[in-house]
Amino acid sequence: EADHAQLLALLDEAEMLVQATDIDHDRLMANDRAFHTLITSRCGNPVLAALVENTSGKTVRARLWRGRLDATADVRTVTEHRMIYQAIADGDSERARLRAAAHILGVEDAVRAMAAPGADRPL
């Protein structure tokens, strides 16, 4: 229950941040990382938790640019996080896994697009 409450608090904070006129992207990235870290630290797979922690730090710059250049990215991320949370809260691990996989694939696609030759987005 404490973990669910913490996830909800992170989601509420993220929604407040994305609704601000001037989004604090650094704070939003910290929130994003805390959301993912909390989930992976409780999944019972320490290798996955370490992998997520390690890769999330390496993609921060690209994710910051994505949020600044794609006006819908931040809201979409919070929406996807809420869907992941809802599946967890419902006890539906398969749906949570699928929601998380779709979320991560979307971020991965955006990062790849920004890294593509000729992309006008700095990495």
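**Salt bridges in a predicted model**

R82 forms a salt bridge with D12, and their closest N and O atoms are 3.2 Å apart. A salt bridge here is a side-chain nitrogen of Lys or Arg within 4 Å of a carboxyl oxygen of Asp or Glu. The pair links distant parts of the chain, 70 residues apart: R82 lies in helix α5 (residues 73–89) and D12 in helix α1 (residues 2–19). Helices are DSSP runs of H or I with at least four residues, numbered from the N terminus.

This is a predicted model, in which local features need pLDDT of at least 70 and side-chain atom pairs count only at pLDDT 80 or more, while totals for chains, interfaces and linings use all residues. Residues are numbered from 1 along each chain as its sequence is written, and side-chain values use heavy atoms, with hydrogens and water left out.

R82 has a relative accessible area of 25%, and D12 has 45%. Both values count as partly exposed, the class between buried (under 20% relative accessible area) and exposed (over 50%), computed with a 1.4 Å probe on protein chains only. D12 and R82 also belong to a network of salt bridges that includes E15.

R27 forms a salt bridge with E13, with 3.2 Å between the closest N and O atoms. R27 is in helix α2 (residues 25–41) and E13 in helix α1, 14 residues apart. R27 is partly exposed at 39% relative accessibility, as is E13 at 25%.

The side chains of R95 and D92 also meet in a salt bridge, at 3.3 Å from N to O. R95 is partly exposed at 27%, and D92 is partly exposed at 30%. In the whole structure, a search finds eight salt bridges.

Key. Helices (H or I, at least four residues) and strands (E, at least two) are DSSP runs, numbered from the N terminus.
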